[in-house]
Amino acid sequence: MGLRAMRYVARKVVLFLITLWAAITLNFILPRLMPGSPVDAALAKLASSGQPITNAERRAVEIQLGVPHTSVITQYWDYWTSIVHLNFGTSYSFPSETVAQTIGKAAPWTLALVGVTTIFAFIIGTLLGVYAGWRRGKAADTSVTLGATFFAAFPPFWLGLLLLYVFAFTYGWFPIKGGYNPGETPNLSLSFLTSAVYHSVIPALTLAITSLSGWVFGMRNNMINTLGEDYVTFAEANGLRTRTVALLYAARNALLPNVTAFGLSLGAVVGGSVLVEGVFSYPGLGNLLYIAVVNHDFPLMQALFLVITVAMLVAIFIVDLLYVRLDPRVRQ
Amino acid sequence: MSIVSPVPPPEVPGAGVEIRVGPAGPIPGPLRFLGRALRTLWSNRKASIGLVILGLVILVAVFAPLLAPHSPTATTFVPYQNPSATNWFGTTGNGQDVFSQMVYGARISLLVGIAAGAMATLVAVTVGLIAGYRPGVIDELLSFMTNLVLVIPGLPLMFILAAYLQKRSVWTIVFVVAFTSWATGARVIRSQASTLRTREFVTSAVFSGEGLFRVVFREILPNMTSLVAGSFFSAATAAVMAEASLEFLGLGDPNTVSWGTILYYAQQQNSLLTGQWVLVFAPGLAIALLAVSFTLINFGVDALSNPRLREK
Amino acid sequence: MRRLSHAKSMTICAAAAVLALVGVSCSSSSNNGTAGSGTLTIQGDSGNPTLVENFNPFQGSQLHGTNLIYEPLEIPSPIDGTYTPFLATGYKFTDPKTLVYTIRQGVKWSDGKDFTPADVVFTFNLLKKYPALDGKGVWQQITAVSASGNDVTLNFSTPNVPFAISIAQTEIVPEHLWTNMADPTKDPNINPVGTGPFTLGAFAPTQYSLKKNPTYWQADKIAPSEVLFPAQASNQSTNQLDVVSGKFDWSYNFLPDVKTTYVAKDPAHNQYWFPPGGTIALYLNLTKRPYSDVNFRKGLSLALDRPTIALKAVNGYLDQASMSGLILPNLNKWLDPSLPNQGNVKQDTSAAQAAFTQAGYTSQGGKLVGKDGKQASMTIVMPGNFSDWVAAAKEVVNQLGSVGINASLDLPQYAQYSQSIQAGTFDAAIGGFGGSGDPYTDYSLALSSSFATPVNTPTANNFERFKDSSVDQALSTLASATDSSTQMQATYTLEQVMYTKIPIVLMYYGGSWGLFSTKRFIGWPSAANPYTLPTSYNNSLLTVLTHVTKA
C-alpha cells in the first residue's frame, strides 16, 4: 500500500471514530428528548381495563424501575462507562434480564430473517436485473421492471397483513404469529429449526417481495451501462458468443457497484424489519425496538439504537476501505 | 439510507449515471422548462404511465369535495358494513364512509409526498452542491453530517422523532421524513458536483471571476437537473411510504383522513377479522399506485440523464 | 374458516418453504390437540416478544399464572363485592380500626410443609420491610399485624372498613422459603411454592404450563390437570385472529361483531360474556375555565348521546353509564332510589343550550361562543392504541361539534397521556372510572380532595382535581361505618354529587371481554351465573378455575 493509500485509510479511520462518537452521543440525546416516563408505561396494562391506579401502586413501580433522578451530565458519563463495559443495564420492560441478554436473544432472529431474505432478494434480484438489462427494451425487460416497481411500492406491512390474512388466517397453512411453536425453547434440534423455518416463511416472503426491486434496478442499469463500454463491444466484435459476453464481461463488471450497495444494505438489515416483525409478532430486534419506543424503555432503546447504528457504521467503513482496492480514483 | 427507499443509492461515484457535460445554455423560463421536461418525460413509455397515474391522483385530490358522496368524518352510517350502493367501499367501525375517506385521503398522501420530497431535495441540493464544490473543511463537515444522517437508521429514527414531537400534524410527518431522507440525495449530488468541479467549463468560469453561487447554480446545477429530479422523486416515494408506516403505527395525526390513517383504523378495528378486506386493500393499493407513479416518472428522468437507458 | 387436513397442510407448507428458499420440511405446529386430556388453555400474558419468567406475586411483572399458585385470604367479587374465602375462613371488624381474620387449617404448601397463621404475619411484615412490594399500600393503613391461635389481627391507623378489600387480596407466601430470599424486590421467584391449586410445570419463552397440585386443600373442585398459557403478541389484531382460530378455552379480548367473528366459528361451543368492568368517562380539567363551571359541565353532559357513543365504542355490547357512578345492575343495591331514571342521562340539546347559556356561552352561527367572543374548544387526550376509547372520543367530537364546540383528539402513547392527566395539564381526557366492586374505593379514588394536587404536581387519582367538602365528609363517614344504613346514606350523598355536580362526565361501561369455549370445560362465568368477571389476568383466574368442570 502506497503512502497516499495509507493516508486515505488513516483519514477514514479517524473519520470513522468521530462518526462513531457523534452517533453514540446522538443515541444518548434522542431518547431523552422524548416526553413521558417509563413508570407510566408500566402502569398501562392496569389502566387499559378501566381500573384506576393508586398512588401506592405508582410509588411501588417507581421504586422498582429506578427512574433516574440524576443530572444529565452524570447520566452521560454513566452511559459511556456502561458502553465501554458493554453493560446496558436492565430494561424497564424486561426487568429480570439485562438489556444485552434481551438483545442477544432477539438479534439472531432478525439477522436470520432479514439477512437470509436480503441474500435471496440480492441473488434473485441481480439475476433478474442481468436478464432485464440484457433484454433491454424487449417485453421481458418491461415486464420485469414494471413487476419489480409495483412490488417495491407495496408498503411491506400492508403486504404482510394481506399474506397473513390469506395464508395464515383464512387457510390456516401457516402460523399467525411468533417465531416458533409455543412451548419450545430455542435450540439447535431439527424439530425446533423446522418450526422456526415454518414460522419464517410468510415474513420472509413479505420482505423478499418488497426488497427485490432495488437489486433488479441497480443491476439492470449497471448492465446497460457496462454493455455500452468499449471492451464489451470489442469482445462482441471478436466473435464470442453473446451469452458468454453478457455473463463473463458485462455482468461481472456491472456487479461491482451492486456489491458495495449490498454491504451498505446489510448494515440496514437490523433496522429494516420493524413493521414487518410487528405485524407477524416475530421475536426479533425490529419488534423489540417498537416495544421499547412505545414503553419509553430508555436502556433498551439506547442499546438497540447503538447496535443498529454501529452495525451500519461498520458496514459503511468497510465499504470505504474496499474502495481503495476497487476504485483507484478514490485515492486521489 | 432510508429503509423504506426500495432503490439502493448509486454509491460509487459515477457508476450508475453518466451526464452530458458542457456549459449550460441560456436558462429557459420555468414554465417552458417544465413544459419541455414534461414533453421529454411523456416520450418515455414508463414515465408516461407514471404521469397518468399521478395526474389522476392529483385530479381526485383537487376535486375531492365533488367526487366524495359523503363527508369523510361523519360517523352517521351503520358501522362494519360491506360495500353497498350508498357506501361503495363499505363503512368503518366508527360508521364512516370508506370511499369518501379514500377520496379525501389522496390530498394528504399527495401533500406529504410532494412537500417532504421537495424539502428533502432542497436540503440535499444545498448540502450536496456546497460540499461538492468546496473541498476541504466545508466538504469534510458537510459530508460528515451527511454520513451521520445516513448511518442513523431511518425508520427507527422517524419513530423516535414522531413520538417526540407532541403536537402531531401532517407537517410533523413532512418534517420528520424530510429530516431523515435528504442524506442519500446529498451524497449523490456531492459526488457529481465534485466531478464537475474539475471539468474545463467550470474551471474556466471560475477563472473568469464568477462568484461561488453563480458558478454553483449557473454552471454546475443545470448539469444535474435529472439528478435533482431523481432525488426528488426518490424522496417523494420514500415519503409516501414513510407516511403510511408512521400513521399505521399510530404515530401520525389521528384527526386527519389519509390513506395511512384509514389503514391504522382498519388495523385497530381489525377489518380483516370482520371480513371488510376493502378497508385494508384499498388504501394500501392507493399508496402503492402513488409510489409506483413516482418511481415510473423517475425511470423517465434516469433515461433523460443516461441516454443508454433510453428506450429504443 | 377452512381447516385443511393435517397431511394436506403439511404438503402445502413444505412446498411454500421451498418456494421461500428456506427449504427444510415442516413440522406440526399444533399444541392444542388436547381434547379430553384435561388440559385447559388460556390466552396468556403478553410476551414482548418472549415471556419473562416471574412468579413473584408482589412485583407487578409476575405472570398471570401466579394467581393460580398463590392464594389470598379472601377474594371479593369484582361485581358486587361478595367475599369468597380462600386462606381465611372468615373475618370481622372488632372495631372500625381492628380487623381479624380466621385462618384456614389443614392447608399445605406445595412442598409439603404446613401453612400456618405465622406465614400470614410474615407476608404482611415482608411488605413492611420492602415498601416496593406493597403495591396496595397496606402499610399506609395498618400499624401492626399479629397472630394468636388461628386468628391474625391487623390494627389500622384510622377507621377504614372498606380497606379490608386490599388486605383480603394480598397473596400469602411461605415464610420458610421467603425468609431466605436475598432481595424479594428483585427475585423473580422462578421456583414458586404456594398453597394454590396449581404448581409450575414447564416454562418456555412463549408458553408456560401449570400442573395440578394434588395436595390442594379443595383439590376436588379443580377439573383441569394442566393449564397452558401461550403468550400473546404485542400486536392486538394478531391476537384477535389467534383467538378466533380456536386455540383457547378462555381468552380475554375485545372482538368487533363478536357473534359473527367468534360465536359463528363454532356456534355449539363458542360463548362470550362482556359484563361491565368499569366506566369509561370524559374527564374535564376542573382547574381550567370553562370546565370549572358546573353549568358548562351540565351542558356537555346533556349534549352527549351516550347510547350512540357506546354503540360506536363497544359495538353496543354495553350500555350507557349511570351518572350516579355505580356500575348497574351490579351495584343496584347501593342505588339511591331518588335519582331519576337510575341516574341515566338522556341527550337533550335544548337543555344543553340552556345550561351553556347559564355558563355564559351562546350559540352564534352554529358555534358556541363565550363572552370573550371565542368559540368553546377542547382537546381530548387518550392513548392512541386504546381503540374503543378512540372510537368513543371520535363520536364525542362529532356530537360536541353539533352543539358548536370545536373538539379535537390528541392520541399520544400511553406514557405521555398518563403524564398529562397526572400533572393536570390536559383540557379533557378519556379515562376509566370505578370497577373495584366497592363504591367507597371507586368514589374515594375519583373524588377525594386529598388526591387533588395542584397543577403540575402529579397525582395518580382524581385527575380532574375535584374538591368538595361534602364529598370528603361522606367518604370519611363511609370509611368508619360498619352498619349498612349509614353506609347507604353516605353512598347516596356521593351519588347525588356525581349526578348534580358532574365532576366527571361518565359515558358508557367499559367491558370485560370474556371469550369461552365449552368444548372441553364448562361452568364459565356468564350472565346467568355471574360469580366473577371473566378477566384472565388477575385473581378471577383462581375463582374461575375453582368453578369450571369438564365438559
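**View 1. Burial and overall dimensions of chain C.** Of the 551 residues in chain C, 54% are buried (20 or more other C-beta atoms, placed from the backbone, within 10 Å of the residue's own). The model is predicted: local features need pLDDT of at least 70 and side-chain atom pairs pLDDT 80 or more, while totals for chains, interfaces and linings use all residues. Residues are numbered from 1 along each chain as its sequence is written, and chains are lettered from A in the order in which they are written. The C-alpha trace spans about 70 × 70 × 40 Å along its principal axes.

View 2. Chain C contains 16 helices and 22 strands (DSSP runs of H or I, at least four residues, and of E, at least two). An automatic or database assignment gives domain 1 (17-69 + 196-275 + 512-550), domain 2 (74-178) and domain 3 (278-511).

**View 3. Domain 1 of chain C against domain 2 of chain C.** The C-alpha centres of the two domains lie 29 Å apart. Contacts (C-beta atoms, placed from the backbone, within 7 Å) involve 15 residues of domain 1 and 14 residues of domain 2. On the domain 1 side, helix α16 (residues 540-545) supplies the largest share, three residues.

Notes:
Contact = placed C-beta atoms within 7 Å. Buried ≥ 20, exposed ≤ 12 C-beta atoms within 10 Å, placed from the backbone.
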